[in-house]
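Here are my notes for you on this one. Have a look at the model first, then go through the points below.

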Amino acid sequence: MTVLLMTVLLIDDDPEVLDSSRQTLELEGFAVQAVTDPAAALARLGPSWPGVVVTDVRMPGMDGFALLELVRAADAEVPVVLVTGHGDIAMAMRAVREGAYDFIEKPAEPDHLVEVVRRALDHRGLVLENRRLRAQLAEGGAEGRIIGRSPAVERLRATVANLADAEVDVLLFGETGTGKELVARSLHEGGRRRAGNFVALNCGAMPDSIIESELFGHEPGAFTGAQARRIGKLEHAAGGTLFLDEIESMPMHLQVKLLRVLQERVIERIGANRTIPLDLRVVAATKVDLLRLAAEGKFREDLYYRLNVVTVPLPPLRERREDVALLFRHFLDAAASRSRRTVPPLDPAMLARLAAHGWPGNVRELRNVAERVALGLGDGLAPVGVAVAATAEIEPLADQLDRVEKQLIEDALARCGGRVGETAERLGITRKTLYLKMRHHGLNRDDFMEE
């Protein structure tokens, strides 16, 4: 993976202020480019530029809002932080409305400036990583399909790349929603069988009465209603890959027949006497301990050992939390594109909720949350540290989130003695963001202390 040097482009017409901010950021280890001319800064920007813009608002020739518009024209996802000594609520609201990442008052407190820049750079890094992964996804293969940069995902990608061309059957083990079919497709598309069919069958979704016919096919007259020859999933996968999801749900009598297929690579259609040779790879998947099921007599032990030549564990999302924001952004972009909507911004409060959630449904649950957010329905996740009680009558989601957010802000203000600056810091948001939320919820800023 190519590592980009993330840069802070610092713009201010006052050389002393510019030098002070540059030193503050460089002491924290940031790479900084400091300029006094906004027009010259624009030449550095583009869709692949790895950085963020921190600019003064009041400048001769081109003010910060005009610069913001031009930056967004070059790349709407470059974070722009506006800094001014003349800030007020109206200006902050305009900044948010016009697409600024954040708004800081002069003189910028060093710790606050560093924190805002760090969050903005993390956001930009996610955007660029997401674009890279989308390009790889278009090309196919495990690198594009299996998204993430955590050590667990890096190991999974390496394993898939190593096994893609290996002529062995594979057992995938992971919780519901961890992406077992996606990994199976990556194994198929990354190897020499990619030109063949990828055939998926969910053993838990097929009634016992038809699963045998689905797997092996049948001849005309083999049973009541069998009027024509049918090619089964196993035969259709010849030359390619058969993916058997929820293998633990396969009836015991079919496990015997599947074992024969795995050992001899031949099948017989139902109602036929002729064997048909098969050249296929089988990838099975399960969310349970098959050896334990075998000990309980609920799964054939010999089939378990035949499938267990290579077992690939899939990490649950809670063990790869550093991938949550990247995955969410990927799903959000895809969902917004499908619904032909603008991709909504990711605010720090939402990212905090995503990071704190337990994700029992894993990646599938995260994808569903992204779908809701893309449709403007909210993420449906409880604010960090707040449990939302179930009620007999369910309010609209937006009303619930508004109510909980207002209560959270009121409680935080009360615990901080009404001090707005301390409250914003404790909540992990900027003072301007807190003021905007207070105004939205009808909380009078004059009722609270201003440091």
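1. The protein chain has an accessible surface of about 22,000 Å², and carbon and sulfur atoms own 51% of that. Such areas come from the Shrake-Rupley method with a 1.4 Å probe, and for residues only the protein chains shown count as cover. Keep in mind that this is a predicted model, where local features need pLDDT of at least 70, side-chain atom pairs count only at pLDDT 80 or more, and totals for chains, interfaces and linings use all residues. Residues are numbered from 1 along each chain as its sequence is written, and side-chain values use heavy atoms, with hydrogens and water left out.

2. Of the 451 residues in the protein chain, 46% are buried (under 20% relative accessible area; exposed is over 50%, partly exposed in between). The chain has 19 helices and twelve strands, taken as DSSP runs (H or I, at least four residues, for helices; E, at least two, for strands) and numbered from the N terminus. Take the contacts between residues at least 6 apart in sequence: 67% of them join residues at least 24 apart. Contact here is heavy atoms within 4.5 Å.

3. Now for a helix pair. Helix α14 (residues 324–338) packs against helix α16 (residues 362–374) at an angle of about 50°, and their axes are 8 Å apart. The two are therefore oblique to each other (under 35 degrees would be roughly parallel, over 145 roughly antiparallel, 65 to 115 roughly perpendicular, and the rest is oblique). On the α14 side, the residues that meet α16 include Phe-328, Phe-331 and Leu-332, while Leu-366, Val-369 and Ala-370 are among those in α16. The contact residues divide into 13 nonpolar, no polar and three charged.

4. Where does Pro-47 lie? Look in the loop between α2 (38–42) and β3 (51–56). Pro-47 counts as exposed because its relative accessibility is 55%. Still, leaving out residues up to four places away in sequence, Pro-47 touches Ala-74, Asp-75, Arg-124, Leu-128 and Arg-131. Its C-alpha atom is 8.3 Å from that of Glu-77, 30 residues apart along the chain.

5. Two backbone spots to check. Most residues other than glycine have a negative phi. Glu-246, however, has a positive phi near 50°, and this residue is in the loop between β8 (241–245) and α11 (252–264). Glu-246 is partly exposed, at 24% relative accessible area.

6. Arg-340 is the other spot: phi is positive, about 55°, although the residue is not a glycine. Arg-340 sits in the loop between α14 and α15 (348–356) and is exposed, with a relative accessible area of 80%.

Definitions and conventions:
Axes are lines fitted to C-alpha atoms, for helices over the stretch in contact, and angles run from 0 to 180 degrees between N-to-C directions. Ala, Val, Leu, Ile, Met, Phe, Trp, Tyr, Cys and Pro count as nonpolar, Asp, Glu, Lys and Arg as charged, and the others, Gly among them, as polar. Buried means under 20% relative accessible area, exposed over 50%, partly exposed in between (1.4 Å probe, protein chains only).
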